Amino acid sequence: MAETKLRDQRDLRLREAEQPHSPVMRFGADEPLRLDAGVSLSPFQIAYQTYGTLNADRSNAILICHALTGDQHVANVHPVTDKPGWWESMVGPGRPIDTERYFVICPNVVGACMGTTGPASIDPRTGEVYGLEFPVITIRDMVRAQAMLLDRLGIDTLFSVAGGSMGGMQVLQWAVSYPKRVFSALPLATATRHSAQNIAFHEVGRQAVMADPEWKNGRYFAASTRPHRGLAVARMGAHITYLSDAALHRKFGRKFQDRENPTFSFDADFEVESYLRHQGSTFVERFDANSYLYLTRAMDYFDLAADCDGVLANAFRGTPTRYCVVSFTSDWLFPTSDSRAIVHALNAGGARVSFAEIVTDKGHDAFLLDEPELFAIVRGFLDGAGRARGLTGTR
């Protein structure tokens with residue numbers, strides 16, 4: 001029974017990697033994606049979702065950039081988990097990113113596993129899954145691919161680009177790489193480069209995956225195995241960084257799980273242990289282990305000032321884009337100091353920028369949760385930007 005379940009999950013993930021439950025834009029061998037690694041990816045495809053209606057002058061498009069473990073299913077039921085979209089609190093009719101006013105596009109990033117070409121995709125040269133033969137990608141590569149998607153969709157400029165965490169990195173890269181195409185930007189709970197601590201956390205997760213004997217040096221599809229234990233441990237460790245000590249204490253404290261006394265064993269005695277195990281086991285049902293390696297490495301490599309002689313302000317010099325930067329007091333993964341560094345560089349570069357630090361104990365994941373202050377900030381920023389752009393129907 002367990003082997004049958006693993007095989008079914010493997011087949012489902014392979015189907016989603018090649019033929020996802022969402023629109024797909026395909027680019028042929030004559031339309032390569034030039035990568036920072038010095039090679040080209042072709043042919044390739046991008047899976048994406050859209051919500052709302054593009055207006056006559058194509059001026060109301062908002063691009064949503066997903067975080068590390070997200071995907072294109074931002075405001076619809078997920079085809080693998082049957083759970084609601086990961087940002088339904090933010091995106092939808094009457095929501096802050098209102099799909100009755102804006103045309104919302106959310107692509108699955110290059111290197112991921114829900115229909116955009118990545119290590120779980122079939123390598124056309126061999127007919128086998130790429131695995132570690134897939135080239136290493138960067139945040140800038142993800143953005144280049146998204147720009148190609150928008151070109152194909154006939155969208156020259158974006159009213160706004162929004163996202164948190166790794167999505168926020170994409171937002172910043174978009175505004176720097178294509179400043180004339182981005183009218184406004186909403187980078188949430190993010191940074192212009194990964195800290196040494198964050199790189200260290202990612203390395204622990206990658207080593208957990210690679211230490212799993214079923215990883216098979218990245219060739220687990222060919223071996224009909226799956227490094228689910230290693231990936232689950234990686235997810236458990238990462239999930240702790242998305243929360244705060246206060247949130248964990250408020251939700252779990254030291255409460256036992258379905259018992260009154262310790263078992264004096266290594267079972268999940270505490271509720272927090274059971275919660276983390278659940279997070280790990282559900283994650284492996286929808287995510288590819290090699291994609292986890294590639295996307296964490298892309299975040300590690302991100303450094304927006306690297307091409308500007310290390311001077312971040314130079315990256316934003318003369319930008320026409322309007323920014324709203326948001327951080328959360330209990331986010332220790334991307335603390336407020338990271339957001340303040342963005343704001344200071346934007347100010348030095350002469351950009352229009354507003355900044356808010358939201359008081360909450362929900363940690364890094366606050367940008368995904370029910371945070372009324374965040375909703376009000378996003379709605380207000382987009383309303384103001386809409387008036388400045390002359391969007392019809394703007395409040």
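Close-up 1. Helices (H or I, at least four residues) and strands (E, at least two) are DSSP runs, numbered from the N terminus. Axes are lines fitted to C-alpha atoms, for helices over the stretch in contact, with angles from 0 to 180 degrees between N-to-C directions. As you look around, please keep in mind that this is a predicted model, in which local features need pLDDT of at least 70 and side-chain atom pairs count only at pLDDT 80 or more, while totals for chains, interfaces and linings use all residues. Residues are numbered from 1 along each chain as its sequence is written, and side-chain values use heavy atoms, leaving out hydrogens and water.

**Close-up 2. Eight strands form an open sheet.** Their order is β1-β4-β8-β5-β11-β12-β13-β14, and the pairing is mixed. At the edges are β1 (24-27) and β14 (352-358), each pairing on one side only. From one strand to the next, the twist averages 20°. Two strands count as paired if DSSP finds at least two bridges between them.

**Close-up 3. Strands β11 and β12 run parallel.** Four bridges join β11 (residues 160-164) to β12 (residues 184-188).

**Close-up 4. Asp151 and Arg181 meet in a salt bridge.** Their side chains come to 3.0 Å, N to O. Asp151 sits in helix α2 (residues 139-153) and Arg181 in the loop between α3 and β12, so the pair, 30 residues apart, links distant parts of the chain. The whole structure holds 16 salt bridges, each a side-chain nitrogen of Lys or Arg within 4 Å of a carboxyl oxygen of Asp or Glu.

**Close-up 5. The second largest pocket holds about 290 Å³ of space.** A pocket is an open set of points on a 1 Å grid over the protein atoms alone, where a 1.4 Å probe fits, with protein on both sides within 12 Å along at least five of seven lines; lining residues have an atom within 4 Å of a point. Of its 18 lining residues, Glu128, Val129, Tyr130, Gly131 and Arg219 lie nearest the centre. Helix α1 (2-18) and strands β9 (122-123) and β10 (128-129) each supply at least two lining residues.

How values were computed:
Grid points are joined across faces, edges and corners, and a volume is the space filled by probe spheres set on the points.
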